[in-house]
Amino acid sequence: MLYQLHELQRAFLTPLAAFTDVGSQLFSNPYSPWAYTPVSRQLAAGYELMHRIGKEYEKPAWGLPVTEIDGKQVKVVEKIAVDKPFCRLVHFERQGVSKRKDPQVLLVAPLSGHHATLLRDTVRALLPRHDVYVTDWVDARMVPLSEGPFHLNDYVRYVQDFLRFLGADTHVISVCQPTVPVLAAISLMASQDDPCQPRSMVMMGGPIDPRKSPTQVNNLATEKPYSWFENQLIHRVPGRYPGAGRPVYPGFLQHAGFVAMNPDRHLKSHYDFYQDLVRGDDSDAEAHRRFYDEYNAVLDMAAEFYLDTIKMVFQEYQLPKGKWKVDGQLVKPADIKRVALMTVEGELDDISGLGQTRAALDLCSGIPADRKTHYTAQKCGHYGIFSGRRWREIICPKIADFIRQYA
């Protein structure tokens with residue numbers, strides 16, 4: 001019922017968003033006489049702010065048409081390499097550089113509310129020196145019920161399928177949530193001596209062991225019983241979507257949770273955006289637009305996957321306790337022996353606390369010490385470890401060097 005009420009609200013706000021968009025143009029377009037009235041900037045700013053608060057945000061485009069290699073611009077083409085019901089493996093093919101032997105990287109994006117395009121800056125920084133594939137997760141409301149459920153164990157199998165498709169000369173980078181299923185996938189492959197195990201794996205800011213330095217996110221998952229998440233957060237997709245009837249954790253509820261974590265910061269950001277528009281500070285205003293175009297674009301998660309994650313990762317700690325079974329097979333990270341491992345954490349990470357990702361080093365006891373390394377990014381929050389200046393200038397070069405060491 002809540003999802004239907006949300007859709008009703010969207011239907012009500014859509015005309016308002018369109019009206020405020022027109023109002024903003026009316027008082028800001030240089031060809032409009034109203035743009036030269038005494039309070040035109042204030043009115044245009046107010047209308048645009050209302051428009052952006054009321055509009056519906058679609059999945060953003062990757063927007064990576066070119067990259068620079070050896071000082072030359074190279075065209076980049078997005079191609080779907082593997083198309084599965086809940087995920088597409090996207091290849092960022094660099095045109096005309098097939099003879100370069102750059103390492104092949106599988107970048108596993110989080111399935112935790114936002115689209116994979118949240119890793120745009122990650123991909124952009126990797127492209128000059130790597131052949132990049134990304135897991136582009138599908139909004140669960142767009143997946144028909146006939147495709148069946150999607151559990152955390154299915155996520156593990158998807159990762160294995162992608163690794164087998166790409167072959168053994170692959171390096172895996174997992175960001176945040178997927179560090180857990182990626183470690184499970186590679187552990188199971190190691191237990192079976194699968195020839196398609198990757199050469200290296202980089203784990204960044206993920207909840208390998210959420211018992212270490214618990215954050216507000218971890219506390220929320222443990223303060224409420226499993227039944228609360230099942231009864232309060234799971235709703236069925238309305239009839240107008242392909243996935244009608246599918247139980248999901250809706251994106252709009254996730255977004256509300258994101259905002260509730262730092263309401264003052266978001267309120268200040270919107271106020272600053274209004275002031276930037278009034279002052280005519282176009283660069284800061286455009287930066288605000290880009291950030292919230294991504295931040296406000298959310299997807300529905302399959303209920304089975306979300307509830308499995310709450311129970312198995314955050315409440316029962318099945319991975320670090322050695323109790324996780326995937327289709328009856330025990331996940332044993334100690335079986336990994338020939339895959340090099342690097343863990344990366346942010347000093348100020350308020351999503352995955354210090355030590356949660358680094359725990360993978362101890363769990364992977366079968367990997368020789370000289371093939372394991374850790375890096376803590378100073379003065380760096382969660383998003384800063386895969387996006388922004390510190391990512392581009394410090395973290396990405398370290399990861400690139402690590403990958404080349406085992407390429």
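**Note on salt bridges and overall form**

1. The side chains of Asp327 and Arg157 form a salt bridge, with N to O at 3.0 Å. Asp327 sits in the loop between strand 11 (325-326) and strand 12 (329-330). Arg157 is in helix 4, so the pair ties together parts that lie 170 residues apart in sequence. Asp327 counts as exposed, at 60% relative accessibility. Arg157 counts as partly exposed, at 23%. Please keep in mind that this is a predicted model.

2. Helix 4 (residues 152-166) also holds Asp161. Lys84 forms a salt bridge with Asp161, and their closest N and O atoms are 3.1 Å apart. Lys84 belongs to strand 2 (residues 72-84), so this pair links parts 77 residues apart in sequence. Lys84 has 19% relative accessibility and counts as buried, because the cut-off is under 20%. Asp161, at 33%, counts as partly exposed.

3. Arg289 and Glu286 meet through their side chains in a salt bridge of 2.9 Å, N to O. Both are in helix 10 (residues 282-295), 3 residues apart, which means about one helical turn separates them. Arg289 is buried, with a relative accessible area of 19%. Glu286 is partly exposed, at 33% relative accessibility. Salt bridges with shared partners join Glu48, Glu286 and Arg289 into one network.

4. How many salt bridges does a search of the whole structure find? The count is 22. Side chains of opposite charge can pair when their charged atoms come close. The protein chain carries 48 positive and 47 negative charges.

5. Now the fold as a whole. The protein chain has 13 helices and 14 strands. Of the contacts with a separation of 6 or more, 77% are between residues 24 or more positions apart.

6. On overall dimensions, the radius of gyration of the protein chain is 22 Å. A compact globule of 407 residues would have a value near 22 Å, so the two agree. Along the principal axes, the C-alpha atoms fill a box of roughly 70 × 55 × 40 Å.

7. Of the 407 residues, 53% count as buried. The protein chain exposes about 18,600 Å². Carbon and sulfur atoms supply 54% of that area.

Key. Residues are numbered from 1 along each chain as its sequence is written. This is a predicted model: local features need pLDDT of at least 70, side-chain atom pairs count only at pLDDT 80 or more; totals for chains, interfaces and linings use all residues. Side-chain values use heavy atoms; hydrogens and water are left out. A salt bridge is a side-chain nitrogen of Lys or Arg within 4 Å of a carboxyl oxygen of Asp or Glu. Helices (H or I, at least four residues) and strands (E, at least two) are DSSP runs, numbered from the N terminus. Buried means under 20% relative accessible area, exposed over 50%, partly exposed in between (1.4 Å probe, protein chains only). The radius of gyration is taken over C-alpha atoms; the globule rule is 2.2 Å times the number of residues to the power 0.38. Contact means heavy atoms within 4.5 Å. Accessible areas come from the Shrake-Rupley method with a 1.4 Å probe; for residues, only the protein chains shown count as cover. Lys and Arg count as positive and Asp and Glu as negative; His and the chain ends are not counted. The place of a charge is taken as NZ of Lys, CZ of Arg, CG of Asp or CD of Glu.
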